[in-house]
Amino acid sequence: MTFTKYSKIACSVAMACALGACNPTAPVETTATGQQQIVTLPPQNTGMDQFISGLISKMTLEEKVGQLHLLSSDWDKTGPTLSVDYQQQIKAGKVGAVFNAYTANFTRELQKLAVEQTRLGIPLLFGYDVIHGHRTIFPISLGEAASWDLQSIQAGARVAATEASAEGIHWTFAPMVDISRDPRWGRISEGSGEDVYLSIEIAKARVHGFQGDDLTATDTVLACAKHYAAYGQAQAGRDYHSTDMSERELWETYLPPFKASVDAGVASFMTAFNDLNGVPATANNYLLQDILRQRWGFSGFVVTDYTSINELVPHGLAEDLPHAGQLALNAGVDMDMQGAVYSKHLPELLKAGKVSEAQIDKAVRRILEMKYKLGLFEDPYRYSDEQRQAEQVYKAEHLAAARDGARKSFVLLKNDNKVLPLSPTQSIALIGPLADSKADMIGSWSAAGDRSSKPVTLREALVARLGADTQIHYAKGAGYEFTDTDQSGFAEAIAAAKKADVILLAMGEKWDMTGEAASRVDLGFPGTQDALMQELKKLDKPMVLVLMSGRPMTINWADEHLDSILHTWYAGTQGGHAIADVLYGDYNPAGKLPVTFPRHVGQIPIYYNMKNTGRPYEPEGPEQKYRSRYLDSSNQPLYPFGYGLSYTSFAYSAVTLSSTQLKPEGEITASVTLTNTGDRAGEEVVQLYIQDKTASVTRPVRELKGFQKIMLGKGESKTVQFRIKATDLAFYNLGMDYVAEAGEFNLFIGNDSSTSNKAAFWLTDSVQLQSAMAITQPQSKGIQ
Ligand code: BGC
């Protein structure tokens with residue numbers, strides 16, 4: 001038997017238990033005189049609802065409001081924090097959940113305060129930003145997305161949950177499912193890129209990875225879909241900036257990964273910081289009530305982002321903090337992260353009739369339900385397990401999975417003259433500020449990941465791999481801070497390069513140049529890196545760039561002048577080894593870009609599934625001037641969405657269709673034969689795109705509708721098939737009904753979003769898949 005406050009007290013009435021008349025999970029109350037007595041509740045096995053109703057009926061208003069309060073421990077801060085003694089608040093029953101607290105010991109200590117020192121002993125919920133690993137860090141999320149490997153992504157989330165839950169964490173603030181088409185926005189690194197279909201698939205994989213099949217299992221954690229909604233379209237790419245978009249854009253592009261998370265059973269949602277079409281997301285009835293609760297039927301709880309209730313005041317929506325609390329609760333926000341607006345102001349708002357007790361009870365219930373589902377009422381300490389922690393963190397299998405996940409995330413952007421893979425007989429000059437920097441290996445939002453000793457740098461990995469047989473001449477050479485102008489390291493780098501057969505550059509962005517509050521207006525190489533590259537080029541030696549960044553960068557010069565470029569994002573704890581595996585050909589890279597790389601910042605937003613316009617630019621066309629184009633740049637990206645090379649090559653046959661006529665209830669099959677025409681085994685991500693040629697509203701030039709990752713041996717061929725149904729063709733029409741309209745479609749299958757390998761088919765009749773009713777209904781007035 002596990003000993004909780006509930007069970008201890010209950011079973012201290014030994015006779016009652018022996019007679020089967022006690023309820024081992026019944027809450028206890030402390031009377032005014034300090035005596036504890038068992039609260040009469042129906043036995044837990046009669047169901048969660050009854051248990052929670054009973055508990056709520058015993059709670060004071062202050063205790064209820066306490067459950068809605070999420071407070072950061074002072075361990076790790078992500079923003080302005082309130083100067084409170086959080087331990088005192090827990091003991092006073094004023095806190096329902098704590099974040100930024102981990103390790104079995106520390107969470108146990110905090111849990112004890114709640115379980116043993118509050119009147120009802122309701123356990124705390126521990127949350128944390130376990131985004132791409134907990135201790136063992138995997139590649140940043142955008143990098144993982146570049147693997148297009150859903151199994152590997154799910155496995156990464158599983159490892160993260162296993163390590164985090166062993167350190168007392170119950171709940172992760174992930175997955176981040178914000179689509180973004182603006183690489184100026186630093187948080188593009190936290191999502192899955194620009195595409196709806198890919199983001200949906202990855203959102204599902206991550207939710208399943210974190211939550212597993214059974215929330216009561218001690219190696220699973222609650223997931224949280226964030227940041228709801230449209231945060232990724234911050235104007236001008238400036239973090240926290242407003243978003244303003246059409247209903248169509250919202251529903252077609254920004255909402256689908258959230259909906260997919262609900263369908264995958266995600267336990268919680270986090271509201272976004274941004275204003276959406278005039279109403280900040282944290283007070284947005286339309287998002288939180290009409291869409292999330294009513295249309296999607298979400299039954300988990302909604303937490304705010306960090307102090308985002310308080311921010312309703314500077315947004316200009318709330319007059320003061322009480323008003324902000326009123327707006328947020330009425331919009332359907334259950335839990336207040338760090339702002340303490342609910343805990344300070346809900347009692348007075350209730351008294352004034354601005355909110356109702358029924359609303360508060362609803363929010364409390366949703367939070368208690370999750371605590372119940374995790375099994376915390378049975379044993380509040382079940383996740384704070386020192387032994388499991390010792391066994392699980394940095395476990396060999398986890399490190400191996402991180403190394404494999406990293407190799408899968410790398411994208412080979414260029415490889416002229418087959419400079420890669422390298423041969424161990426070549427001496428190398430390893431140059432750049434990112435070649436031997438542990439801090440930069442794991443990227444932002446790296447949870448409890450160690451930044452100073454655990455990450456393996458590229459230099460360390462090369463030394464370990466090549467031993468004394470290969471000469472490695474290392475020089476940092478350049479600075480990567482925006483303010484760096486000092487070129488005094490160039491001489492050493494040039495001297496190193498002169499001694500080597502190959503120049504291997506490790507350059508890009510410093511780790512904290514992406515992530516939250518890390519927007520940039522210039523996406524070139526910061527500091528003196530560009531200048532050093534250009535000096536080294538004068539030596540006329542083979543040059544390979546290992547590019548590390550959390551976003552697409554404008555790397556035109558490097559693309560034009562260097563032989564090979566491998567994008568490795570921030571590759572995680574085992575990053576150095578993973579990069580070396582690819583540089584030396586132990587692993588053949590197969591990653592594909594989940595986001596378009598612009599040539600110039602002025603092209604942003606640039607994404608593959610744009611509209612055609614009435615004047616599409618046709619370089620070969622007769623007339624050039626009055627076309628949708630730039631005077632000083634091509635329209636084309638530097639690298640398109642879905643792009644990535646391999647050490648081998650692949651040939652695609654023409655697309656064949658089982659029929660050119662698709663009936664509403666039927667399906668057709670599209671096939672290509674893929675052949676590995678190169679000299680080694682390799683994987684290819686075969687991508688399917690569809691274009692609705694003419695419709696009642698204009699449609700994108702093409703949209704990703706499927707992909708398969710195929711491994712082929714040298715010379716091997718395989719037929720790859722995709723099944724297409726009317727549901728794959730649906731979109732929101734003018735009336736916002738979700739329909740597939742009869743007519744002609746182009747279908748493309750190839751190696752990236754620019755493929756011209758296509759066939760045409762017709763949908764014979766239109767189909768309405770969903771009516772607009774729930775989308776267009778008047779905005780609700782809040783929870784009644
Ligand atoms: C971020 C969230 C994060 C939260 C808690 C905020 O600043 O926007 O993504 O989950 O902090 O750390």
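Two strands are taken to pair if DSSP finds at least two bridges between them. Strands (E, at least two residues) and helices (H or I, at least four) are DSSP runs numbered from the N terminus. The structure is a predicted model, in which local features need pLDDT of at least 70 and side-chain atom pairs count only at pLDDT 80 or more, while totals for chains, interfaces and linings use all residues. Residues are numbered from 1 along each chain as its sequence is written, and side-chain values use heavy atoms, with hydrogens and water left out.

On this basis, 5 strands form an open sheet of mixed pairing, in the order β21-β29-β28-β23-β24. β21 (661-662) and β24 (703-712) stand at its edges; each has a single partner strand, so one side of each is left without a neighbour in the sheet. Within this order, β28 (residues 743-750) and β29 (residues 758-763) pair in the antiparallel sense over 6 bridges. Glu744 stands opposite Trp762 in β29.

A further open sheet, also mixed in its pairing, is formed by 6 strands in the order β13-β18-β17-β16-β14-β15. Its edge strands are β13 (411-415) and β15 (472-475), each of which pairs on one side only. On average, neighbouring strands of this sheet are turned by 15° against each other, direction ignored. Axes here are lines fitted to C-alpha atoms, for helices over the stretch in contact, and angles run from 0 to 180 degrees between N-to-C directions. β13 and β18 (residues 564-567) run antiparallel and are joined by 4 bridges, with Val411 standing opposite His567 in β18. Helix α21 lies across β14 (428-431), β16 and β17 (543-548), and runs at about 170° to β16.

The loop between β16 (502-508) and α21 (529-537) holds Thr528, and Pro526 has its place in the loop between these two elements as well. Thr528 counts as buried at 4% relative accessibility, where buried means under 20% relative accessible area, exposed over 50% and partly exposed in between (1.4 Å probe, protein chains only). Pro526 also counts as buried, at 3%. Contact is defined by heavy atoms within 4.5 Å. Not counting residues up to four places away in sequence, Thr528 touches Ala478, Gly479, Asp484, Thr485, Asp486, Gln487 and Phe490. With neighbours within four places in sequence left aside, Pro526 is in contact with Gly479, Tyr480, Glu481, Phe482, Gly508, Glu509, Met513, Arg520 and Met553.

Two helix pairs were examined. Two packed helices are described by the angle between their axes and the distance between the axes. Helix α14 (residues 321-331) packs against helix α15 (residues 341-351) at an angle of about 85°, with the axes 9 Å apart. α14 and α15 are therefore roughly perpendicular to each other; angles under 35 degrees count as roughly parallel, over 145 as roughly antiparallel, 65 to 115 as roughly perpendicular and the rest as oblique. The contact involves Leu321, Pro322, Gly325, Gln326, Ala328 and Leu329 of α14, and Val341, Tyr342, His345, Leu346, Glu348 and Leu349 of α15. These residues divide into 8 nonpolar, 3 polar and 1 charged, where Ala, Val, Leu, Ile, Met, Phe, Trp, Tyr, Cys and Pro count as nonpolar, Asp, Glu, Lys and Arg as charged, and the others, Gly among them, as polar.

In the other pair, the axes of α19 (residues 458-466) and α23 (residues 575-583) come within 7 Å and cross at roughly 60°, which makes α19 oblique to α23. The contact is made by Leu458, Ala461, Leu462 and Arg465 of α19 and by Gly576, His577, Ile579, Ala580, Asp581 and Leu583 of α23. Of the residues in the contact of α19 with α23, 6 are nonpolar, 2 polar and 2 charged.

Backbone geometry was also examined. Ala340, in the loop between β12 (336-337) and α15, has a positive phi of about 60° although it is not a glycine; Ala340 is buried at 7% relative accessibility. Trp148, likewise not a glycine, has a positive phi of about 50°. Trp148 is found in the loop between α7 (141-145) and α8 (150-166) and is buried, with a relative accessible area of 2%. A cis peptide bond, with omega about 5°, joins Tyr228 and Ala229, and Ala229 lies in the loop between β7 (224-228) and α10 (247-254). The peptide bond from Ile604 to Pro605 is cis, with omega near 5°; Pro605 lies in the loop between α23 and β19 (650-652).
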